[in-house]
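Thanks for asking me to take a look. Here are my notes, point by point, with the model itself placed first.

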Amino acid sequence: MVVLGIESSCDETAAAVVRDGSVLLSNVIASQVKVHERYGGVVPEIASRKHIEAILPVILQALEDAGTTLAGVDGIAVTRGPGLIGSLLVGLSAAKAIAFARRLPLVGVNHLEGHVAAAFLTESPPAFPFVALVVSGGHTTIYRVDGFQRFTILGQTRDDAAGEAFDKAAKLLEIGYPGGVVIDRLAKQGNREAFPFPRAMRDSLDLSFSGLKTSLLMRLKKRGAPFTPEELPDLTASYQEAICDVLVEKTLRAAAMVSATRVVVCGGVAANSRLRERFRTEGASAGIEVFIPPPVLCTDNAAMIAVVGTHLLEAGRKDGLDLNAVSRWPLTVHP
Ligand code: KG4
Ligand code: ZN
């Protein structure tokens, strides 16, 4: 089955063609980073307008890259939520129009399930069950995953997502946007033990990052002046390490608690080089197989949406043209 995936939940307009839920035929992503950069965050109204401009060229490019046309597509999968409503509606409207015009089955996909499903696009996909850490700009949750649509929450953030902790720190330090990418780069040359940052809720599988952000803010205030370019590598390396510490430690602990031997790490923050390295080495010493999609499949893309869509369509699921966008949609809820 060949599925066209469409994703527009935040600030990337994306389309991809996937065969049999595992073979990536094309993956086109139009990023709006440059547009939102000067605001230091995504401006929803601008995002929707940019999606409208990009959506059709992106879909056409995905078909062309896959060497196919709509005649070679068996179904359409589109992100239905969670995300920015105005942004989601652009992808959803395009998907509905194509499905109606070509009489193709349409299915709405949960963006977070998409992030997990990106692991199936790799050469050695994980078998169920596994523990998944979904760590992105809006979510930080540890799940036990027993199959598609079978998620149990083991731990989640009580406040900010890990991606927000990266983005807000970069904004405070005025070092650029998006924060995660900038900090990842700066931290490579830094001493990870130079600055003490707090690790919250050590005994729980739940997470909290607001104290970490406040601790950086306090450090900045006390100093009364911006950090110098020479200090930034040590500062960002120490800050990044505090985030990696809790993510790695809690996810591996969650896996041990449910006797899982496999762990999937996914979502935009899973593109972080230090987090990937730590999961690989610490997973190996704990005897746990760690699956992390390549960075381009960790950040938002439509291939991951097509993977979930393929499974839903194969299971006989089909949505009508009344399918609507949802801003909040926990993975444990199946509409
Ligand atoms: O999954 P994603 O692309 O969008 C959401 O669904 O939120 O995740 C975006 C988040 C942002 O917070 C961004 O700073 C973070 O992923 N991110 C990173 C890296 N690349 C993206 N965080 C740390 N290191 C990176 N290399
Ligand atoms: Zn995402």
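1. A word on conventions first. This is a predicted model, in which local features need pLDDT of at least 70 and side-chain atom pairs count only at pLDDT 80 or more, while totals for chains, interfaces and linings use all residues. Residues are numbered from 1 along each chain as its sequence is written, chains are lettered from A and ligands numbered from 1 in the order in which they are written, and side-chain values use heavy atoms, with hydrogens and water left out.

2. Let's start with the zinc ion (ligand 2). Its donors are His111 (NE2), His115 (NE2) and Asp300 (OD), at 2.0 to 2.1 Å, with the spacing H-x3-H-x184-D along the chain. His115 sits in helix α4 (residues 111–117) and Asp300 in the loop between α10 (295–298) and α11, so this pair ties together parts that are 185 residues apart in sequence. Donors here are N, O and S atoms within 2.8 Å of the metal (3.2 Å for Na, K and Ca); water is not among the atoms, so sites may look incomplete. Helices (H or I, at least four residues) and strands (E, at least two) are DSSP runs, numbered from the N terminus.

3. The classes are buried under 20%, exposed over 50% and partly exposed in between (1.4 Å probe, protein chains only).

4. Now for ligand 1. Of the 17 residues around ligand 1 (a heavy atom within 4 Å), His115, Gly137, Asp167, Asp184 and Gly268 come nearest. Polar contacts are pairs of N or O atoms within 3.5 Å; within protein, one must be able to donate a hydrogen and the other to accept it, and residues adjacent in sequence count only if both atoms are side-chain atoms. The side chain of His111 has an N or O atom 3.2 Å from an oxygen atom of ligand 1, and a polar side-chain atom of His115 is 3.0 Å from an oxygen atom of the ligand. Asn272 places a polar side-chain atom 3.0 Å from a nitrogen atom of ligand 1. The protein covers 88% of the 550 Å² of accessible area that ligand 1 has on its own (Shrake-Rupley method, 1.4 Å probe).

5. A polar atom of the Asp319 side chain is 2.7 Å from the backbone nitrogen of Gly108. Leaving aside residues up to four places away in sequence, Asp319 touches Leu106, Val107 and Gly108 (heavy atoms within 4.5 Å).

6. Please also check the backbone. Most residues other than glycine have a negative phi, and most peptide bonds are trans. Cis peptide bonds join Gly81 to Pro82, with omega about -10 degrees, and Phe128 to Pro129, with omega about -5 degrees. Asp20, in the loop between β2 (12–19) and β3 (23–31), has a positive phi near 55 degrees and is partly exposed at 43%. Ser259 also has a positive phi near 55 degrees; this serine lies in the loop between α8 (232–257) and β9 (262–266) and is exposed at 63%.
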